[in-house]
Amino acid sequence: MACSDPDVDFDSIPLAALNVTVRKKLGLYLNPKNAVAADWMAVAESMDFTYLEIKNYAASKNPTTMVLDDWQARSSGATVGRLLSILKKVERNDIVEDLQPLIDDNVRRYCVNQKKSAAPLQVQEVDSCFPRTPERNAMTLEDDPEGAPELFDAFICYCQSDFHFVHEMIRELEQTDYKLKLCVFDRDVLPGSCVWTITSELIEKRCKRMVVVISDEYLDSDACDFQTKFALSLCPGARNKRLIPVVYKTMTKPFPSILRFLTICDYTKPCTQAWFWVRLAKALSLP
């Protein structure tokens with residue numbers, strides 16, 4: 001499936017490239033039950049969801065978003081091109097035509113970010129006479145521009161309002177016998193670099209896993225949304241147990257559907273708090 005740019009193949013672009021705006025607009029088209037045109041159920045069937053799964057999605061206020069999130073999380077074939085093919089298969093060309101400009105823009109931005117992330121490394125490989133770029137090789141406090149990059153056991157995905165819990169994680173996981181090495185953006189990353197490029201590099205190449213601190217505030221964070229979806233795009237179905245959701249306080253908003261299939265480390269239950277840090281440390285210590 002090609003886009004308006006002949007140099008871009010949509011079948012190679014992961015679904016994570018589509019932002020919240022596009023997903024909400026898809027829901028506006030597909031969520032209403034339509035006696036004439038195919039709705040979200042036809043799309044879910046084409047994505048190989050079972051009857052019982054589709055029946056459970058029907059209880060949601062936005063089933064389209066849940067279907068897209070779960071498809072992205074569990075299928076390596078969840079690409080923008082495949083989604084467009086499914087929409088055409090169920091004869092929803094109206095959606096493709098109306099949203100094509102927005103989708104093209106999302107894909108263009110994704111490709112630009114990918115090129116920015118890859119370009120410095122390509123320069124280094126082509127000609128070792130060029131100096132290493134600070135953005136790629138001196139990203140964190142402990143990086144040695146002339147040596148190996150700093151590596152971490154886990155990237156911590158959090159919003160600013162939850163930073164006090166991140167401090168507790170540092171105390172419990174780094175400053176104890178576990179001696180784990182956490183990547184905390186506000187503490188470890190040097191200022192002055194592109195946030196998205198650095199974040200992608202750290203999650204994909206520098207950190208074995210990612211701990212996602214879930215809260216009501218997390219759900220409103222664009223940065224957390226990007227980090228979570230990017231990490232999920234690297235390991236569809238969590239085959240490598242890359243993401244570990246952590247809930248440390250009671251939530252008033254629904255738990256994010258995109259992480260619903262993962263086992264949660266829950267700090268809110270007094271009866272299991274004694275095992276919380278042991279379980280989390282063990283999960284982060286696995287090879």
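**Close-up views of aromatic pairs and nonpolar cores**

**View 1. An aromatic cluster brings together Phe 165, Tyr 248, Tyr 267, Phe 276 and Trp 277.** Please keep in mind that this model is predicted. A search of the whole structure finds eleven aromatic pairs. In one of them, the ring centres of Phe 165 and Tyr 267 are 5.8 Å apart and the planes meet at 55°, so this pair counts as tilted. The partners come from distant parts of the chain, 102 residues apart: Phe 165 sits in helix H8 (residues 163–174), while Tyr 267 belongs to the loop between strand S5 (265–266) and helix H12 (273–285). Phe 165 and Tyr 267 are both buried.

**View 2. Phe 226 and Phe 230 make a stacked aromatic pair.** Here the centre-to-centre distance is 5.9 Å, with 20° between the planes. About one helical turn separates the two, because they lie four residues apart in helix H11 (residues 222–234). Phe 226 is partly exposed at 25% relative accessible area, whereas Phe 230, at 9%, is buried.

**View 3. The largest nonpolar core holds 34 residues.** Have a look at Met 47, Leu 83, Leu 87 and Ile 103, which touch the most other members. Helices H1 (20–30), H2 (40–46), H3 (51–57), H4 (63–74), H5 (80–89) and H6 (93–126) each supply at least two residues of this core. H6 gives the most, with six.

**View 4. Leu 83 meets partners from elsewhere in the sequence.** Setting aside neighbours within four places in sequence, Leu 83 is in contact with Leu 15, Leu 18, Leu 26, Met 47, Leu 68 and Trp 71. A second, separate core has 25 residues, among them Met 139, Ala 231, Leu 259 and Leu 262.

Conventions: Residues numbered from 1 in each chain as written. Predicted model: local features only at pLDDT ≥ 70, side-chain atom pairs only at ≥ 80, totals over all residues. Heavy atoms only, no water. Core = buried A, V, L, I, M, F, W, Y, C linked by side-chain atoms within 4.5 Å. Buried < 20%, exposed > 50% of the residue type's maximum accessible area, 1.4 Å probe, protein only. Contact = heavy atoms within 4.5 Å. Phe/Tyr/Trp six-rings, centres within 6.5 Å; stacked < 30°, edge-to-face > 60°.
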